[in-house]
Amino acid sequence: MKIIDPHLLVQQNKEIRTSEDFMKPPTEKKGIIKHIWLFFWRRLDCAFLALLTYCFKCDSWHASAPYSNRPYKKTVVNLVNSLAPRCVVELGCGFGDIIYRVKAEHRYGYDIDEGAIRIARLLHGRRVNFICGEASSIEQKAIDVLILVNWIHVLSPTELESLLLPLLPKTQFLVLDAKDPGGSSICPYKHDFAFLRNRAERTSITPAPDEQRKFHLFKVTI
Ligand SMILES: C[S@@+](CC[C@H](N)C(=O)[O-])C[C@H]1O[C@@H](n2cnc3c(N)ncnc32)[C@H](O)[C@@H]1O
C-alpha cells in the first residue's frame, strides 16, 4: 500500500521556493500577480456557476465548488490518469469537473440530479457522455476506473455496499473517498470500506491537499 504524505511534499516545495526566492526577487512579484489573478478567477468561476445553478435549479453546493476552488478534484484526476484507463465512469459527477479532465477514450458521468447533468452537458458535453441516473443505470460492460467521490459519506456502509456490489464484476479499479476518522468534519459516515475485504485490494491511499479526507484506490479482485 502506498501512502503519500502531503505535508512532506509541501515542506519540500517550500524549501525549494525559499532558496529560489532569495536569488530571484522578481519571481515574488510574479507569485503575487498569480495569487491576485487566482483570487479573481475563483470568484468569477463561482459567480458563473451560481448563475447556472440558479437557472437550472440544482444544488447550490456546485456553485461554491468549481475546479479552481477545490484542490481535491485535481488529486482525483491525477490518481485516475496515473492508471492510463480506456473507460472511466464517474457516479455522482455533478457538473463533470473531474470526469472531463480525466484522460480516457471513453468517459461517462452519471448523476441523479437532472439540472446538474444539463449543466455538465452544457459545459463539457462534447467530450464526455453525461447521463441522468443512478448506479443501476450504468450500462458500460467493462469499466477500467469507477469514481465515486464527495457524496458517499451520506450513504451508510450497507447502502454503499448494495450500490457497489453489482458493479464490481465489471470494474477494474475503484476510486472512493472517506473523511478521516479522527477528523473534525461532521458527516454522517466515515467509511472504512470493510465490505470490500476479499473483493478488492487497496492499492493506495492519497490524502486531499487541504482537507481531512483521503482517496482510496482499490483494485477489484472478484
Ligand atoms: C457534492 S456533489 C460532487 C460532484 C463530483 N463528484 C465532484 O466531486 O465534483 C455530489 C453529487 O452526487 C450526486 N448524487 C447523490 N446521490 C447520488 C446517487 N445515488 N447516484 C448518482 N448521483 C448521486 C448529487 O446529485 C451531486 O451532484
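Modeller: Helices here are DSSP runs of H or I with at least four residues, and strands are runs of E with at least two, both numbered from the N terminus. Keep in mind that this is a predicted model.

Colleague: Where does Lys103 lie?

Modeller: Take the elements on either side of it. Helix H5 spans 97-101, and strand S3 spans 106-111. Lys103 lies in the loop between H5 and S3.

Colleague: Is Lys103 buried or exposed?

Modeller: Count its C-beta neighbours. Lys103 has 11 within 10 Å, so Lys103 is exposed.

Colleague: How many Å separate Lys103 and Val77, C-alpha to C-alpha?

Modeller: In sequence, Lys103 and Val77 are 26 residues apart. In space, their C-alpha to C-alpha separation is 8.5 Å.

Colleague: How many helices and strands does the protein chain have, and what share of its contacts between residues at least 6 apart join residues at least 24 apart?

Modeller: The secondary structure comes to seven helices and eight strands. For contacts between residues at least 6 apart in sequence, the share joining residues at least 24 apart is 60%.

Colleague: What is the mean pLDDT of the protein chain?

Modeller: Of the residues in the chain, 86% reach 70 or more. Residues 1-28 fall below 50, and beyond near neighbours in sequence that stretch has 13 contacts in the model. The mean pLDDT of the protein chain is 86.

Colleague: On which side of H4 do the buried residues sit, the same or opposite sides?

Modeller: Helix H4 covers residues 72-81, and its buried residues are Tyr72, Lys73, Thr75, Val76, Leu79 and Val80. They cover an arc of only 160° around the axis, which puts them on the same side of H4.

Colleague: Which helix is included in what covers the buried residues of H4?

Modeller: Strands contribute to this cover, including S2 (87-91), S5 (143-148), S6 (171-179), S7 (200-207) and S8 (213-220). The cover also includes helix H5.

Colleague: Is Thr75 buried or exposed, and which residues does it touch?

Modeller: Thr75 lies in helix H4. It is buried, because 25 C-beta neighbours lie inside 10 Å. Not counting residues up to four places away in sequence, Thr75 touches Thr206, Ala208, Pro209 and Phe215.

Colleague: Which residues of the largest nonpolar core touch the most other members?

Modeller: In soluble globular proteins, nonpolar side chains tend to be buried together. Here the largest nonpolar core has 42 residues. The ones touching the most other members are Val76, Val80, Val145, Leu146, Ile147 and Val175.

Colleague: Which residues does Leu146 touch?

Modeller: Leu146 is one of the core residues that touch the most other members. Leave aside residues up to four places away in sequence. Leu146 then touches Val89, Leu91, Leu167, Thr171 and Leu174.

Colleague: Where on H6 do the buried residues fall?

Modeller: Helix H6 covers residues 114-124, with Ala116, Ile117, Ile119 and Ala120 buried. Seen down the axis, they fall within an arc of 165°, so they line one face of the helix.

Colleague: Which residues are closest to the ligand?

Modeller: The shell has 17 residues. It divides into nine nonpolar, three polar and five charged. The closest are Gly92, Gly94, Asp113, Asn150 and Trp151.

Colleague: What is phi for Phe193?

Modeller: Most residues other than glycine have a negative phi. Phe193 sits in the loop between S6 and S7. It counts as partly exposed because it has 19 C-beta neighbours inside 10 Å. Phe193 is not a glycine, yet its phi is positive, at about 55°.

Colleague: Is Asn198 buried or exposed?

Modeller: Asn198 is also found in the loop between S6 and S7. Its phi is positive too, near 70°. Asn198 has 8 C-beta neighbours inside 10 Å, so it counts as exposed.

Colleague: Is Leu196 buried or exposed?

Modeller: Leu196 lies in the loop between S6 and S7. Its C-alpha is 8.1 Å from that of Glu161, 35 residues apart in sequence. With 23 other C-beta atoms within 10 Å, Leu196 is buried.

Technical notes:
Residues numbered from 1 in each chain as written. Predicted model: local features only at pLDDT ≥ 70, side-chain atom pairs only at ≥ 80, totals over all residues. Core = buried A, V, L, I, M, F, W, Y, C linked by C-beta atoms within 7 Å. Buried ≥ 20, exposed ≤ 12 C-beta atoms within 10 Å, placed from the backbone. Contact = placed C-beta atoms within 7 Å. Near = placed C-beta within 6 Å. Nonpolar A, V, L, I, M, F, W, Y, C, P; charged D, E, K, R; others polar. Arc of directions from axis to C-beta. pLDDT = per-residue confidence, 0-100.
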